[in-house]
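Student: Please take one part of this model and go through it closely. I would then like to hear about another element of that chain.

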2 protein chains.
Amino acid sequence: MNKNFKLSERAKKIPASPIRKLLPYADEAKKRGIKVYHLNIGQPDIPTPDVFFKAIKETKEKVIAYGPSQGLPILREAIAEYLRKNSINAEPDDVFITIGGSEAILFSYLLTCDKDDEVLIPEPCYANYISIGAMCEIKLIPIRTTVETGFHLPPAEEIKKLVTKKTKAIVLISPNNPTGTVYSENELREIVKVAREFNLCIISDEVYREFTFDNIHHTSIFHIKEAEDISIMIDSISKRFSACGARIGFIFTKNEKFKEALWRIPQARLCPPTLEQYGATACFKEFQKIVPRIKEEFERRRNVVYEEILKTDGLFTQKPEGAFYTVVRLPVDDAEDFVKFMLTDFNVNGKTVMLAPANGFYVSNRGKNEARIAYVLEEEKLREAMQILREGLKEYAKRKSN
Amino acid sequence: MNKNFKLSERAKKIPASPIRKLLPYADEAKKRGIKVYHLNIGQPDIPTPDVFFKAIKETKEKVIAYGPSQGLPILREAIAEYLRKNSINAEPDDVFITIGGSEAILFSYLLTCDKDDEVLIPEPCYANYISIGAMCEIKLIPIRTTVETGFHLPPAEEIKKLVTKKTKAIVLISPNNPTGTVYSENELREIVKVAREFNLCIISDEVYREFTFDNIHHTSIFHIKEAEDISIMIDSISKRFSACGARIGFIFTKNEKFKEALWRIPQARLCPPTLEQYGATACFKEFQKIVPRIKEEFERRRNVVYEEILKTDGLFTQKPEGAFYTVVRLPVDDAEDFVKFMLTDFNVNGKTVMLAPANGFYVSNRGKNEARIAYVLEEEKLREAMQILREGLKEYAKRKSN
């Protein structure tokens, strides 16, 4: 091994995923015969719609050829129509297919920021904004939100104080991963004012658009006229159609400078996967048959998980409003240590639970005593997992006090 | 439109693909009813193997779930076995599945270079090394190669002169896209000496490994013991299995620092597409039934295209040794202008030909009178396309002299 050989500084700084980095402990547990309930990852157990598989199986292509860099026209049209049904003024030319929402994040950062530029982001946030931010050498500036206020946004005056000459964009994730918070129209309007005042781009992640509960209405950034020319929407089929491994996301924007660059930049990676674009097109066309049922399922699970949290001594959160996550405060000092304990030293009848320590969703060093729960299992398993979590917390407390 | 709103400097600098940027002219031609033979893009017309489709159609997955960030274990094992059959000392742990060869380029740059670091690359080169280099803000330093010497490498002494304190890596593409050149074992050994002397990483793109003609033997960088701990191999199923739209590539490396980072960094984009990894696995297992036939087909086409080039006044190249490209010198001052002319102002019985202007494959400003020909069509079409090219050249010369 050549000792003089160095990894780049940026490669050193890209963090492991907080959702994935403890997976080796889960794998070890499984090797010992332990069943692990994964509440750590946003991977629903809901079957991918039949029409997705059907469209792929029925494709008549003989050659899996490169598609257009911006995605297949049929998919861009289907998405524009879907967005119009959501009262968004969309044309196929405003839609750019990406390789998952992850690539939409990458492109959004590349479009708006140079090295050392700053992006405001409410924390905790979806961890890939942090890792892809490190890849792009962007400085993320956290807007602090807390469990006490259900992770809603602080007043605009607080946010303005964070803006510097280097600030180029604000990221909003609503419904939020990892908190489950849905920002109100008023919250968004306040952000739009800040963005316009300081010439910031709004990067609006609406991947969980349909998953809002208790009749909470989802406001898209594109429902606000004043945001239209300064916004980039990030979206994906992963959760909506339970097709995380398809790697089909998209960017929607009306900004002509971004659109010009989005015609050019994606050519560097040729195209998104071809077959899954057919599957995604079929899903968007059958949207009404697919999504409302999935949403209802998640609302039931949200009810279950929240009920179980209320039953559990020491767990604290507000009622999740959307997506399929919640961030809970745990009665422990170090959630990562607790998650490891659950995987290495604890089980109930050969079963245990994995959570995602929340610290990795924070830009700052906060959240050490919090974890994200993804309620991606069916009701019965979810109840059992929460019961195991409850017992694990008791056992962990006992050991710590010894 | 908000006038104060600026695109990032790096986004401005990422060039459009030289292969794709003139496609709107081809689209316009097609709208006028013109048949366009695409010799511009490395998209073979060879059917993707049946086993690829079969593996996808037979998958029993109900949920298209996230896979491991490093790729499915079955595919990593199949690739390690495939590499061992190529006399490469490979273990599944050395293989990291990427979203196409493009992502393998991105990761290789991120691993080795910080902003403003330098990478040596023989030019002309595969254009995505240029665009992804711009994305990563790397400075590419061209090693000049020319059509007179069949685009082979200059002596090591010449290459050493290009090394500075900022140089971190050398890219080698063999068989080469866009030139079709296959570097000899001696050429590689010379590069390895330079790399070891200056602590450079070798990024070895071997996507076209099997496509070498006239019994030329392909030397992998991993056939050279002294390169093993300093090299990253970039590879892809796109050409080998005619599955460009599958977006399955891989990185192979034995370097422990790179391997640690490749466990971490790909988590930022979750995973490669799941279904295509099953397809790719099936193809690697049936390798012997698939690839030798494809190789023979390309050798036949190489013979055709070279014969046609020799027949054409003013075209000049050396006999292509591998891949399915050649860069030819054209009897024109501006190949881009000529390519546009072929699409907008010329046809033979309603048919025309599209080439890729070679200038976009150069890091420097060279290659303006060269074009890349991808011999991706079957023999008869290829002959017809070359005939049309010949007539187009005559007509273009006539118009220029008027």
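A sheet and a helix of chain B

Tutor: Strand β9(B) and strand β12 (residues 370-374) of chain B run antiparallel and are joined by 5 bridges, where strands count as paired if DSSP finds at least two bridges between them. Within this pairing, Val327(B) has Arg372(B) of β12(B) as its bridge partner. The model is a predicted one, in which local features need pLDDT of at least 70 and side-chain atom pairs count only at pLDDT 80 or more, while totals for chains, interfaces and linings use all residues. Residues are numbered from 1 along each chain as its sequence is written, and chains are lettered from A and ligands numbered from 1 in the order in which they are written. The two strands belong to an open sheet of 3 strands in chain B, ordered β9-β12-β11 with antiparallel pairing; its edge strands, β9 (325-329) and β11 (356-357) of chain B, each pair on one side only. Strands here are DSSP runs of E with at least two residues, and helices are runs of H or I with at least four, numbered from the N terminus.

Turning to helix α4 of chain B, its 13 residues (73-85) reach 18 Å from first to last C-alpha, close to the 18 Å expected at 1.5 Å a residue, that is, 1.5 Å times one less than the number of residues. Its buried residues are Leu75(B), Arg76(B), Ala78(B), Ile79(B), Ala80(B), Tyr82(B) and Leu83(B), buried meaning 20 or more other C-beta atoms, placed from the backbone, within 10 Å of the residue's own. These buried residues of α4(B) pack against β2 (95-98), β8 (249-253), α10 (274-285) and α11 (287-311) of chain B, with contact taken as C-beta atoms, placed from the backbone, within 7 Å. After α4(B) comes Ser87(B), which has a positive phi, near 60°.

Note on methods: A residue is buried if 20 or more other C-beta atoms lie within 10 Å of its own, exposed if 12 or fewer, and partly exposed in between; C-beta atoms are placed from the backbone. Two residues are in contact if their C-beta atoms, placed from the backbone, lie within 7 Å.
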